[in-house]
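Please look over the protein shown here, and keep its sequence at hand while you read.

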Amino acid sequence: MSVENKETIDKRREEIMDACERLYETMGFQSINIKVISTETSFSRPSIYNYFQTKEEIFLGLLTREYMKWNDALRNIIGRNDDMDKDALARAIAKCMEERKTLLKISAMNLYEIEENSRAELLVEYKKVFKDSVELFDECLKKHLGMSDQKREQIRYAFFPYMYGIYPYSYPTDKQISVMDEVKLSHMDVTINEMTYQFLKLIL
C-alpha cells in the first residue's frame, strides 16, 4: 500500500468516526447504524464497509482515538517540570478526563457489545492503546508523587474501574432523575471533573 493510499484511508476512517461521534451526542447506541452514519458523511453505506465491517468497529475506532488523545494529555502531565503534589496531580488528571466525555460514555454504556462485534485485530489495536493509558497513568504517579510499585498498582486497580461509572453519574437521563425523585433517592449534579478530582483526592 502506498503512503498516499494509506493517508486517504486514514482520512476517510476519521470522517466516518467523526460522523459517528456527532450522532452519539444526541442518539442512543442502538439507534445508530451504518446507514444513519452514512448520511453524515460523503460516503454511501456500501462504501463504509470498505473501512469498517460493523458499526461496533466504528465505535471501537472512536474509542481507540479517544484513548490516544487522553494519552497525549497524560504525557503532557508527565512532562511538566514543576513539582506537583497530590492535589495538583488530581486536578490535572481530572481536567484532562473532563475532555474525554466520549471515552467515558462509550466505556460505561456500550463497551462489551462493541468488543464482542469487532474483529480481533482491531481489539488488539485498542488494547495496546489502553495499555499505554495504564502505563502513562502509572508514570504520572511515579514521577510526581514517587509512590511505591505496590501503592501505584492499588491506585490503578481502583481508578480504572471507577472511570466506567463517571459518565452515568455525571449525565443521568431525565427519566432516571424523575424516578430517583419519585422514590426520594438523593442525587446531586456533579461534573466529570469534580467526580474525578474528588475520587483521586481520596485514593492518592
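The questions and answers below go through the confidence, the helices and their contacts in turn.

Q: What is the average pLDDT of the protein?
A: This is a predicted model, and pLDDT is the predictor's confidence in each residue, on a scale from 0 to 100. On that scale 98% of the residues score at least 70, and the protein averages a pLDDT of 94.

Q: Which element of the protein has the highest mean pLDDT?
A: Among the elements, the lowest mean pLDDT, 89, belongs to helix H1, which covers residues 3–24. At the other end, with a mean of 98 over residues 55–78, stands helix H4.

Q: How many helices does the protein have?
A: Read from the N terminus on, the elements run α-α-α-α-α-α-α-α-α-α-α. The number of strands is 0, while the number of helices is 11.

Q: Is H5 roughly parallel or roughly antiparallel to H11?
A: Helix H5 (residues 86–98) packs with helix H11 (residues 192–203) at an angle of about 150°, their axes being 8 Å apart. Because angles over 145 degrees count as roughly antiparallel, the relation of H5 to H11 is roughly antiparallel.

Q: How many residues of the contact of H5 with H11 are charged?
A: The crossing of H5 and H11 is right-handed, and H5 brings to the contact residues including Asp87, Arg91, Lys95 and Glu98, while those of H11 include Tyr197 and Lys201. Divided by class, the residues of this contact are 7 nonpolar and 2 polar, and the number that are charged is 5.

Q: Is H9 roughly parallel or roughly antiparallel to H11?
A: The axes of helix H9 (residues 149–170) and H11 come within 10 Å and cross at roughly 155°. Since angles over 145 degrees count as roughly antiparallel, H9 is to H11 roughly antiparallel.

Q: How many residues of the contact of H9 with H11 are nonpolar?
A: H9 passes H11 in a right-handed crossing, where residues of H9, among them Ile155, Phe159 and Tyr162, meet residues of H11, among them Met195, Phe199 and Ile203. By class, this contact has 1 charged and 3 polar residues, and its nonpolar residues number 11.

Q: Are the rings of Tyr24 and Phe59 stacked or edge-to-face?
A: The count of aromatic pairs comes to 14. Tyr24 lies in helix H1 and Phe59 in helix H4, so this pair ties together parts that are 35 residues apart in sequence. The ring centres of Tyr24 and Phe59 are 5.0 Å apart and their planes stand at 75°; because planes over 60 degrees apart count as edge-to-face, the pair is edge-to-face.

Conventions: Residues numbered from 1 in each chain as written. Predicted model: local features only at pLDDT ≥ 70, side-chain atom pairs only at ≥ 80, totals over all residues. Heavy atoms only, no water. Axes fitted to C-alpha atoms, helices over the stretch in contact; angles between N-to-C directions. Helix = DSSP H or I, 4+ residues; strand = E, 2+ residues; numbered from the N terminus. Parallel < 35°, antiparallel > 145°, perpendicular 65-115°, else oblique. Left-handed = near helix turned anticlockwise from the far one by under 90°. Contact = heavy atoms within 4.5 Å. Nonpolar A, V, L, I, M, F, W, Y, C, P; charged D, E, K, R; others polar. Phe/Tyr/Trp six-rings, centres within 6.5 Å; stacked < 30°, edge-to-face > 60°.
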